[in-house]
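Visitor: I would like to learn how to read a model like this one. Could you take me through it feature by feature?

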Amino acid sequence: MAEPILVARAITKRFGGTVALRGVTLEVYPGQVHAIVGENGAGKSTLMKILSGAITDYEGQIIIRGRPVRFSGTRDAEQHGISIIYQELNLVDDLSASANIFLGRELRKPFGLLDDAAMNHRTAQLFERLGAEIEPETAVRHLRVGDQQLVEIAKALNLDAAILIMDEPTSALSEAEVQKLFRVIRELKDHGVAVLYISHKMDEVFSIADRITVLRDGQLVRTVPRAETTPQQVVSWMVGRDIEAVSMVHRSGDGDVLLEVEELTLPVPRANGSPWVADVSFQLRRGEILGVAGLLGAGRTELLEAIFGATEVPPTGTIRLSGRPVQIRSVQDAIQLGIAFVSEDRKRYGLFPEMTVRENITLVALREVAAAGVVRRTAELALVERATDELNIKHAGPEAPITSLSGGNQQKCILARWLLTRPRLLLLDEPTRGIDVGAKAEIYVLMDRLAARGLGIVMTSSELPELLAVCDRILVLCEGRKTAEFTREEATEEKIMAAATNILSPT
Ligand SMILES: Nc1ncnc2c1ncn2[C@@H]1O[C@H](COP(=O)(O)OP(=O)(O)OP(=O)(O)O)[C@@H](O)[C@H]1O
Ligand SMILES: [Mg+2]
């Protein structure tokens, strides 16, 4: 075997009382994809931040091409050929896609003027390579999470790094985008690039990785060649036990109709002039879980946002709740009507980074614990404790800053927040994004329980196996239109993909 390009030796990292990494040793080889897996909070991102110079105080040693190094920061790591795509996207909202990609390394013309044309051209090339349909000059603020993720990936590719770290690069991408990314990764491998790849998706890990490292509670469990292991084995190393497949209770769907959506249209035009959501009609019964499938940009998020009153332009069409037509003009209206929405974009809508775990969880439900406008602290803490227990949220106490939690545990806090509002209709946009396999199973069980109590749930997911396992019915969108609706008995991955790309499905 070739010499390792990077060795991390006995890395230990403490955050106050939390030991995030304990003596972890890792060897990374050129031309290989090395997957790092582990439960939420296992220490994956922390290790990657150390390797990319984002965290500089740690114990242990990093060796690159045989030489010990100590990075002073991310720029220093980049100069050593390491670039990283962060789990929590790291773009400047007000700048264009192209400006983000060249931030701090702008191309200039003679006399120092910015060479926008050259940067836009190069950006367009990167996007083409990724199969991304993004205008280089669009402000990142106007891009959906999936597209923002593609911008992050393009930014890292632009550095021509020898070691590329990807921390959950596909969490907001749909199947088709993932395949494009994998083509690019294989190309990079052929050019000798070492790729460190973090993912909770075992199918991805097993299709792209050459070697797999498992972390548990900050410790290295083992590193194995992919060819010598199985997904089941890796998962059991991750969680330290075997995980049973979740069996969902499938409901007969004879509850009362809870939500009726008729010809819902979001009159915001796409590039081709058609509206973002166009004439979508469906029904949801109490106790039912309805899935919404579609490619990136199909209008899944927009459909949920339109129902939740969270769009800038109000939708047209009719929404009825328990048979009564309702006007949902704002998020407040939606909450009053008993609707809860867990957004896929936790950085933008979900998380309050300056606040604690407690505040983030009880933010919307405070009415429940407030008597005459005074928050009863003990009641509030009891709520937080119940929620963090129920969802198994790993945290250092209710007063810990939310940003000290790992990505997956932050996601669980947002879910906890909305469950505390006791909704009758729950809208979940990519609820298991960034959540580990074990915790996913817990969330499915929770959804099952909520449905059994009579809630109606609408969820989106870019993982078809998840929709097929969890939903009673699946609706498919393509460019804002509903192109199919399947019962769980009828639905297959092939039929959903065909409807999502609007190819007439074989019957
Ligand atoms: N800035 C911080 N301050 C305090 N604790 C932190 C900080 N960053 C991480 N931690 C803690 O370190 C541990 C490892 O976190 P890390 O983010 O590396 O997990 P992860 O494996 O990436 O999880 P996920 O799959 O959820 O992204 C967790 O217990 C986390 O709460
Ligand atoms: Mg992480």
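**Reading the model**

Guide: Start with one pair of residues: Ser83 stands opposite Leu164 in β7. Keep in mind that this is a predicted model.

Visitor: In which sense do β6 and β7 pair, and over how many bridges?

Guide: Strands count as paired when at least two bridges are found between them. Here β6 and strand β7 (residues 163-167) are parallel, with 4 bridges.

Visitor: What is the strand order of the open sheet that holds β6 and β7?

Guide: Read across the sheet, from strand to strand. The order is β6-β7-β8-β3-β9-β10, 6 strands with mixed pairing.

Visitor: How many residues of domain 2 are in contact with domain 3?

Guide: Count the residues on each side. Domain 2 has 8 residues in contact with 9 residues of domain 3. The side of domain 2 that touches domain 3 has 4 nonpolar, 1 polar and 3 charged residues.

Visitor: Which residues come nearest to ligand 1?

Guide: There are 20 residues around ligand 1, and Phe15, Asn40, Ser45, Ser406 and Gly408 come nearest. Then look at the elements behind the shell. β2 (18-28), α1 (44-51) and α15 (407-419) each supply at least two of its residues.

Visitor: How do the shell residues divide by class?

Guide: Around ligand 1 there are 4 nonpolar, 13 polar and 3 charged residues.

Visitor: What is the strand order in the open sheet with β16 at one edge?

Guide: This sheet has 6 strands in the order β16-β19-β20-β13-β21-β22, with mixed pairing. β16 and β22 (481-487) each have a single partner strand, so one side of each is left without a neighbour in the sheet. Neighbouring strands here are turned by 15° on average, direction ignored.

Visitor: How do I follow the pairing strand by strand?

Guide: Go bridge by bridge. β16 pairs with strand β19 (residues 425-429) in the parallel sense, over 4 bridges. Ile339 has Leu425 in β19 as its bridge partner. Next, β19 runs parallel to strand β20 (residues 456-460), joined by 5 bridges. Leu428 has Met459 as its bridge partner in β20. Helix α18 (residues 493-500) packs on this sheet, touching β13 (289-293), β21 (473-478) and β22. Its direction makes about 30° with that of β21.

Visitor: Are the faces of strand β16 covered or open?

Guide: Check the residues on each side. A residue is buried if 20 or more other C-beta atoms lie within 10 Å of its own. In β16 (residues 339-342), Ile339 and Phe341 on one side are buried, and so are Ala340 and Val342 on the other. Both faces are covered.

Visitor: Why does Glu263 count as exposed?

Guide: Count neighbours again. Exposed means 12 or fewer. Glu263 is exposed because it has 12 other C-beta atoms within 10 Å. It lies in strand β11 (residues 257-269).

Visitor: What should I check in the backbone?

Guide: Look at phi. Most residues other than glycine have a negative phi. Glu263 has a positive phi, near 45°. Arg422 also has a positive phi, about 45°, although it is not a glycine. Arg422 sits in the loop between α15 and β19. It is exposed, with 12 other C-beta atoms within 10 Å.

Terms used: Residues numbered from 1 in each chain as written. Chains lettered and ligands numbered in written order. Predicted model: local features only at pLDDT ≥ 70, side-chain atom pairs only at ≥ 80, totals over all residues. Near = placed C-beta within 6 Å. Nonpolar A, V, L, I, M, F, W, Y, C, P; charged D, E, K, R; others polar. Contact = placed C-beta atoms within 7 Å. Axes fitted to C-alpha atoms, helices over the stretch in contact; angles between N-to-C directions.
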